[in-house]
Amino acid sequence: MSTVLTWVEACLNSSPITSLSSDPSDLSYLTPGHFLIGDAIAAVPERDETTTFVTPLERWRRITQYSQLLWKRWSTEYLGQLQERV
């Protein structure tokens with residue numbers, strides 16, 4: 001989930017906040033990334049996976065794996081902070 005949110009953040013910070021030049025050879029524009037890191041945030045384009053068929057069994061296994069990983073991290077990281085140790 002963190003990776004997805006970071007990717008969405010990079011996409012949002014790469015969007016132009018000024019109008020683009022009418023010159024086709026001028027590809028520069030101002031983005032929120034310029035204020036954050038001093039340059040445009042460049043992300044590697046990924047293959048479109050929205051049309052990829054995933055079998056119901058594979059989808060169920062992924063959801064089960066993600067929920068188990070989330071539970072394991074939550075129980076070890078968060079619950080361990082709630083209990084005070086002497």
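Q: Does Trp71 count as buried or exposed, and at what relative accessibility?
A: In this predicted model, Trp71 belongs to helix α3, which spans residues 56-82. A residue counts as exposed when its relative accessible area is over 50%. Trp71 therefore counts as exposed, at a relative accessibility of 55%.

Q: Which class does the aromatic pair of Trp71 and Trp74 fall into?
A: The count of aromatic pairs comes to 1. The ring centres of Trp71 and Trp74 are 5.1 Å apart, and their planes stand at 40°. Planes under 30 degrees apart would count as stacked and those over 60 as edge-to-face. The angle of 40° lies in the remaining range, so the pair of Trp71 and Trp74 is tilted.

Q: What separates Trp71 and Trp74 along helix α3?
A: Trp74 is partly exposed, with a relative accessible area of 36%, whereas Trp71 counts as exposed. The two residues are 3 residues apart in helix α3, so their separation is about one helical turn.

Q: Which side chains meet in a salt bridge, and at what N to O distance?
A: The count of salt bridges comes to 1. The criterion places a side-chain nitrogen of Lys or Arg within 4 Å of a carboxyl oxygen of Asp or Glu. The side chains that meet in this way are Glu58 and Arg62, with an N to O distance of 3.0 Å.

Q: How many residues apart are Glu58 and Arg62 in helix α3?
A: Glu58 counts as partly exposed at 34% relative accessibility, and Arg62 counts as partly exposed at 39%. About one helical turn separates Glu58 and Arg62, because their spacing in helix α3 is 4 residues.

Q: With which residues is Val54 in contact, leaving aside its neighbours within four places in sequence?
A: Val54 is found in the loop between α2 and α3. Its relative accessible area is 18%, so Val54 is buried under the 20% cut-off. Leaving aside neighbours within four places in sequence, Val54 is in contact with Arg59 and Arg62.

Q: Is Thr31 buried or exposed, and at what relative accessibility?
A: Thr31 has its place in the loop between α1 and α2. Not counting residues up to four places away in sequence, Thr31 touches Asn13, Ser14, Ser15, Pro16, Ile17 and Ala40. Buried means a relative accessible area under 20%. Thr31 therefore counts as buried, at a relative accessibility of 1%.

Q: Which residues does Asn13 contact, leaving aside its neighbours within four places in sequence?
A: Asn13 is found in the loop between α1 (2-12) and α2 (32-37). With a relative accessible area of 14%, Asn13 is buried. Leaving aside neighbours within four places in sequence, the contacts of Asn13 are Thr31, Pro32, Gly33, Leu36 and Ile41.

Q: What is the area of the nonpolar surface patch that includes Met1?
A: Met1 lies in the segment before α1 and counts as exposed at 74% relative accessibility. The patch is made by Met1, Val4, Leu5, Trp7, Val8 and Leu12. Its area is about 650 Å².

Q: What share of the accessible surface of the chain belongs to carbon and sulfur atoms?
A: Buried residues make up 7% of the 86 residues in the chain. The accessible surface of the chain comes to about 8200 Å². The share that belongs to carbon and sulfur atoms is 61%.

Q: In what order do the elements of the chain run from the N terminus on?
A: The secondary structure of the chain comes to 3 helices and 0 strands. From the N terminus on, the order is α-α-α.

Q: Which element of the chain has the highest mean pLDDT?
A: The mean pLDDT of the chain is 79, and 90% of its residues reach 70 or more. Among the elements, α1 has the lowest mean pLDDT, at 80. The highest mean pLDDT, 84, belongs to α3.

Definitions and conventions: Residues are numbered from 1 along each chain as its sequence is written. Side-chain values use heavy atoms; hydrogens and water are left out. Buried means under 20% relative accessible area, exposed over 50%, partly exposed in between (1.4 Å probe, protein chains only). Contact means heavy atoms within 4.5 Å. Patches are made of residues with over 30% relative accessible area and no salt bridge: like charges are joined within 9 Å, nonpolar side chains (Val, Leu, Ile, Met, Phe, Trp, Tyr) within 5 Å. Accessible areas come from the Shrake-Rupley method with a 1.4 Å probe; for residues, only the protein chains shown count as cover. Rings of Phe, Tyr and Trp (its six-membered ring) pair if their centres lie within 6.5 Å; planes under 30 degrees apart count as stacked, over 60 as edge-to-face and the rest as tilted. pLDDT is the predictor's confidence in each residue, from 0 to 100.
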